[in-house]
Amino acid sequence: MDRTADQALMKEINKYIVLNRIRFQSPISRSQISTETGLNKATVSALTDELIREGLVLEVGQGRSRVGRRPIMLLFNANAGSVMGVELGVEYVRIVMTDFAARVVYAVDHPIDKRAGAADVLEFLATCIEDALLKAPATDYGVIGIGIGVPGLVDFRRGIVLRAPHLHWDNIPLKAMLESRLHKPVFVDNEANAGALGEKLYGAATHVSNLLYVSAGTGIGTAIVVGDELMRGADGVAGEFGHMSIDAHGEVCTCGNVGCWELYASERSLCSVYAKLTGENADFDAILQRYQASDPAAMQAFQTIGRYLGIGIVNLTNGLNPAMIILGNRLAEGGRMVTDAIQQAISARCLVSPYAKVAVQASALGRDACAIGSAALVLHDFFAGPRAKTTTRSIAGK
């Protein structure tokens with residue numbers, strides 16, 4: 001690399017350092033940026049002027065000063081563009097459009113026909129995204145990319161869904177297929193990983209460095225954040241604890257294993273418990289509605305599922321020692337009835353709990369955790385700068 005190219009790269013790196021300082025700390029002054037980053041004031045001034053011209057930063061009046069001139073404050077312009085975050089569930093597609101601060105400006109759900117095959121679901125997903133793109137707000141940067149959370153094993157770097165048992169997908173090059181059709185950058189990740197990122201960056205765990213996120217819905221997915229980094233494992237597929245056996249002689253799972261945790265702590269399990277209590281077959285939405293109306297059988301069913309969730313979470317807590325456990329996806333709508341049952345299981349069964357406190361709570365982002373986390377994948381790439389494009393390491397940190 002010649003000297004000129006090296007200087008251009010350093011300028012670009014410094015520009016993103018300044019931009020991200022403004023992004024996460026605005027309103028902030030030029031002098032404060034200079035002090036905190038070690039960049040000289042002239043460099044900071046030139047780079048912020050460039051960012052203002054690009055529409056990513058705004059000047060918003062004067063700040064306070066004990067002596068001398070009052071500084072001009074800088075604000076990150078979150079309205080400069082939009083990002084799409086998608087959660088592909090087994091029975092639905094949820095799409096959110098966010099601004100550059102991951103604030104939701106548009107959200108829509110599309111039910112998936114349960115009779116649809118894999119190819120039909122792919123086509124339906126693409127059509128739903130195309131429709132949402134047409135409804136995106138007018139901004140200077142437009143929609144800069146699309147993030148998608150999928151329930152299954154995902155090769156994040158290549159955007160390939162390796163296996164999604166509930167969708168009956170194997171080796172689907174989702175990133176390449178959608179990029180060729182939509183002409184936008186596409187990022188694909190496991191839905192639990194996306195949910196964990198949403199909570200870590202914008203939800204309940206912004207202050208937590210070690211986190212376990214449990215996505216409990218049609219199945220169970222888990223994601224682990226250690227030292228502000230998402231743990232992906234040697235081949236990028238860590239976290240499939242939903243398919244650990246808790247009953248060696250149990251039922252056969254869709255993955256081919258027997259006695260998987262998700263067979264005992266999922267939406268289907270909730271419906272089964274409720275049917276045993278009442279003699280009535282009801283779907284998840286009906287049971288949830290009755291639970292919210294304080295129906296005793298529905299409340300008992302959610303509590304029972306909370307205990308089963310707790311059995312698996314105790315094992316993970318013993319092994320991982322997280323500071324916080326966040327329950328996401330649809331079973332989190334059981335609220336305290338479920339999280340209290342999990343907490344009770346930890347207190348009664350967990351070896352490490354007398355020595356380490358672990359907080360259990362439902363997702364702060366609710367049903368948008370996965371979609372917002374998927375949008376965060378796009379935002380991370382856009383704002384990472386030339387040093388860290390498409391990295392999988394420090395994405396959970398700021």
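Let me begin with the conventions. Residues are numbered from 1 along each chain as its sequence is written, and side-chain values use heavy atoms, with hydrogens and water left out. Because the model is predicted, local features need pLDDT of at least 70 and side-chain atom pairs count only at pLDDT 80 or more, while totals for chains, interfaces and linings use all residues. Helices (H or I, at least four residues) and strands (E, at least two) are DSSP runs, numbered from the N terminus.

Lys15 belongs to helix H1, residues 3-25. Lys15 is buried, with a relative accessible area of 8%; buried means under 20%, exposed over 50%, and partly exposed in between, with a 1.4 Å probe and protein chains only. Not counting residues up to four places away in sequence, Lys15 touches Leu47, Glu50, Leu51 and Glu54. Contact here means heavy atoms within 4.5 Å. Glu50 sits in helix H3, residues 41-53, and counts as buried at 16% relative accessibility. With neighbours within four places set aside, Glu50 is in contact with Lys11 and Lys15.

Just after H2, Gly38 adopts a positive phi of about 85°.

Next, the packing of helices. Helix H6 (residues 191-202) and helix H11 (residues 369-383) pack at an angle of about 80°, their axes 7 Å apart. Axes are lines fitted to C-alpha atoms, for helices over the stretch in contact, and angles run from 0 to 180 degrees between N-to-C directions. H6 and H11 are therefore roughly perpendicular to each other; angles under 35 degrees count as roughly parallel, over 145 as roughly antiparallel, 65 to 115 as roughly perpendicular and the rest as oblique. Among the contacting residues are Ala194, Gly195 and Gly198 of H6 and Ile372, Gly373 and Ala376 of H11. By class, this contact of H6 with H11 has 10 nonpolar, four polar and two charged residues. Ala, Val, Leu, Ile, Met, Phe, Trp, Tyr, Cys and Pro count as nonpolar, Asp, Glu, Lys and Arg as charged, and the others, Gly among them, as polar.

The second pair is H7 (residues 267-278) with H9 (residues 296-320), whose axes come within 9 Å and cross at roughly 135°. H7 and H9 are therefore oblique to each other. The contact involves residues including Leu270, Val273 and Leu277 of H7 and Ala297, Ala301 and Ile305 of H9. The residues of this contact of H7 with H9 divide into nine nonpolar, four polar and no charged.

Beyond its neighbours within four places in sequence, Leu277 is in contact with Ala297, Gln300 and Ala301.

Finally, Tyr264 is placed in the loop between strand E14 (229-230) and H7. Tyr264 is buried, with a relative accessible area of 17%. Leaving aside neighbours within four places in sequence, the contacts of Tyr264 include Ile246, Asp247, Ser269, Ile305 and Tyr308. Tyr264 and Thr304, 40 residues apart in sequence, are 9.8 Å apart in space, C-alpha to C-alpha.
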